[in-house]
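Here's a quick briefing to read with the model open beside you. Take a look at the structure first, then work through the points below.

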Amino acid sequence: MDVQAWTYLLVGITFALYIGIAIWSRAGSTSDFYVAGGGVHPLANGMATAADWMSAASFISMAGIISFAGYDGAVYLMGWTGGYVLLALLLAPYLRKFGKFTVPDFIGDRYYSNTARTVAVICALFVSFTYVAGQMRGVGVVFSRFLEVDINTGVYIGMFIVFVYAVLGGMKGITYTQVAQYVILIFAFMLPAIFISIQLTNNPIPQLGFGDTVAGSNTYLLDKLNGLHTELGFNEYTDGNKSLIDVLFITFALMVGTAGLPHVIVRFFTVPRVKDARISAGYALVFIAILYTTAPAVAAFARTNLIETVSNKSYNQLPDWFANWETTGLLQFDDKNEDGVVQYVADPEVNELTIDRDIMVLANPEIANLPDWVVALVAAGGLAAALSTAAGLLLVISTSVSHDLVKKQFMPDLSDKSELWIARGAAVFAVLIAGYFGINPPGFVAAVVALAFGLAAASFFPAIILGIFYKRMNKEGAIAGMLVGLGITLFYMMRYKLGWIGGETTPEDWWFGISPEGFGTVGMILNFIVAMLVSRFTAAPPKEVQEIVDSIRYPRA
Amino acid sequence: MKNDSMKKYWQKNLSYLAILLTIWFLVSFGCGILLADQLNQFKIGGFPLGFWFAQQGAIYVFVVLIFVYVWLMNRLDKKFDVDEKPE
């Protein structure tokens, strides 16, 4: 069987599995649809959270980004894992005790205000739509690369699959498909990594091979890679390029943003008890850490392999995979000095090779000469990663509409059954919009992912933390804080990332040298300050609300 | 439940949080970023130490921190009799 046949087979089997699970776990009530009836085992929730969290970007792009960024890649590694410590210690157990369906539920009840609820719904919708567009695109891209179908056809197939299990099963269906998707994606990520680690360092554990000596020599892999980098004029791999303040602010913004993302938080509403929410966050981080500690190893291996295979080699003698990936446009060779040899160096005037970062994961099995079925497995894994995240986001969108807007604000008398149908309708609508963005991606998709984290950090995180840990926080403070945090972060992104306000800018214009990716941290700090100040000069929250705060602090009481 | 014991439970919880989050900050922002250059003078295996913290070590510590917190809180819940009864 060739790669194509293997890919059709593996992708077909996994899709059949997802649909089978969806039929088995149909939602019968709104509680099933929103939070899987609150009866998910903490271990299953841990896996589902990991799959929910790890998107097409984590699976396909992250190792490649690190590969090119070297040390600086740590902002993503620490940022996207450190947030789980905040989630487990500061948010998950209390929100579970609060025991409703959504993040806007908490904000609306805790701040006894429909204005606060509406602000929260807008943030949740904005963050989720931003994110889901990228996932649908990811599904299309994987299809087009591995099965040679049109990207748009890929998006349609992805829409259909998500449609079946998100609309039918709601959170219940999503949870159990995510468990299956986690298993597939982690297997697909680890297998090539282990093979390559053995090839390069004789060490079967990538996390250790990464710090081991190159097979058949006494040189450490990282020393060799640093040597290659220096030779070609790049900074040493283990040193960074970004400024210290920027690394600090980006890492912090990603951590806090992770803890504030509604599709992640809502997963902790699905377990039966407070103690389950705590341990579930621990399991989730273990499952995530398996991929996140392997990715930097894959990055270093792939970087070494790539430089050794192509640098200063004659173009005619390059291996087959080079030509294969050249046709996809992910590799581009431009023989500037016409000597027929690939010059891959830091100096852009002389450099002849342009490499798309996604190739580091997608082409890895071919570069390492692994069997065809491993290549197919990587395709199935990439699809699992993209679909699981898309489904989680679609659920947040449909819940925000049916529960937080329709039920809570317009039709409080709605029966459970009608609400369930509205939730399904909203899910259908959300799939269609997500598909539209997948087919017509706005030019700023990459930029808006940074925005999603920045906004979550600057809006939800302070409002939830203060709601739990500061009893005196009132609605005036929380709303003012969220608006200021949101407003300033949006402004900074539009000014310095998207260029919508005041024209082109350069990094020299950034405030204190903080990039737009890191600005969520500033937004968050301002949110905290404004909220504290305003609450000090306005009335304390009513007694019932203070009692809510008391009750969420104790698992049983 | 008495107010006094509730207050004590909460204080204890806050002190656990303070300690664990200090460690969280030290391994990531401390060892992985602020002190990375100094730590890079040392090596474990082929890893410069600061680089190792930034791309590996901090993540391992994060995992341990959550499980320590779970253990501490389960113990504390029992001690103050606020733990949930099995379903």
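Let's start in a loop: Asn202(A) sits between α8 (151-201) and α9 (206-209) of chain A (helices are DSSP runs of H or I with at least four residues, strands are runs of E with at least two, and both are numbered from the N terminus). This is a predicted model, in which local features need pLDDT of at least 70 and side-chain atom pairs count only at pLDDT 80 or more, while totals for chains, interfaces and linings use all residues. Residues are numbered from 1 along each chain as its sequence is written, and chains are lettered from A and ligands numbered from 1 in the order in which they are written.

**Loop residues in chain A**

- Asn202(A) isn't a glycine, yet its phi is positive, at about 65°.
- With 13 other C-beta atoms within 10 Å, Asn202(A) is partly exposed (20 or more such neighbours make a residue buried, 12 or fewer make it exposed, and partly exposed is in between, with C-beta atoms placed from the backbone).
- Phe512(A) is another non-glycine residue with a positive phi, near 50°, and you'll find it in the loop between α21 (475-496) and α22 (519-536) of chain A.
- Is Phe512(A) buried or exposed? It counts as exposed, because there are 10 C-beta neighbours inside 10 Å.
- Arg26(A) belongs to the loop between α1 (3-24) and α2 (30-35) of chain A, and with 14 C-beta neighbours inside 10 Å it counts as partly exposed.
- Leu168(A) is 142 residues away from Arg26(A) along the chain, but their C-alpha atoms are separated by 5.8 Å.
- Leaving out residues up to four places away in sequence, Arg26(A) touches Leu168(A), Gly169(A) and Gly173(A) (contact takes C-beta atoms, placed from the backbone, within 7 Å).

**A buried cysteine**

- Cys123(A) lies in helix α7 (residues 114-147) of chain A and is buried, with 26 other C-beta atoms within 10 Å.
- Which residues does Cys123(A) touch, not counting those up to four places away in sequence? They are Leu455(A), Ser459(A), Phe460(A) and Leu486(A).
- For Cys123(A) and Phe460(A), 337 residues apart along the chain, the C-alpha separation is 8.1 Å.

- Beyond residues up to four places away in sequence, Leu394(A) touches Val132(A), Val162(A), Ala166(A), Ala427(A), Ala430(A), Val431(A) and Ala434(A).
- Among the buried residues of α18(A) are Ala427(A), Ala430(A), Val431(A) and Ala434(A), and the buried residues of this helix pack against α2, α7, α8 and α17 (372-410) of chain A.
- Helix α18 (residues 416-439) of chain A has 24 residues and reaches 35 Å from its first C-alpha to its last, close to the expected 34 Å (that's 1.5 Å times one less than the number of residues).

- Chain B has 3 helices and 2 strands, which run α-α-β-β-α along the sequence.
- Its radius of gyration is 18 Å, well over the 12 Å that the globule rule gives for 87 residues, so chain B is more spread out than a compact globule (the radius is taken over C-alpha atoms, and the rule is 2.2 Å times the number of residues to the power 0.38).
- Along the principal axes, the C-alpha atoms of chain B fill a box of roughly 55 × 25 × 15 Å, and 37% of its 87 residues count as buried.
- How many residues of chain B are in contact with chain A? There are 37, and they meet 41 residues of chain A.
- The elements giving two or more residues to this side of chain B are α1 (3-34), β2 (47-48) and α3 (49-79) of chain B, with the largest share, 16 residues, from α3(B).

**Confidence**

- The model scores ipTM 0.95 and pTM 0.91.
- Chain B has a mean pLDDT of 91, and 95% of its residues reach 70 or more (pLDDT is the predictor's confidence in each residue, from 0 to 100).

Terms used:
Contact = placed C-beta atoms within 7 Å.
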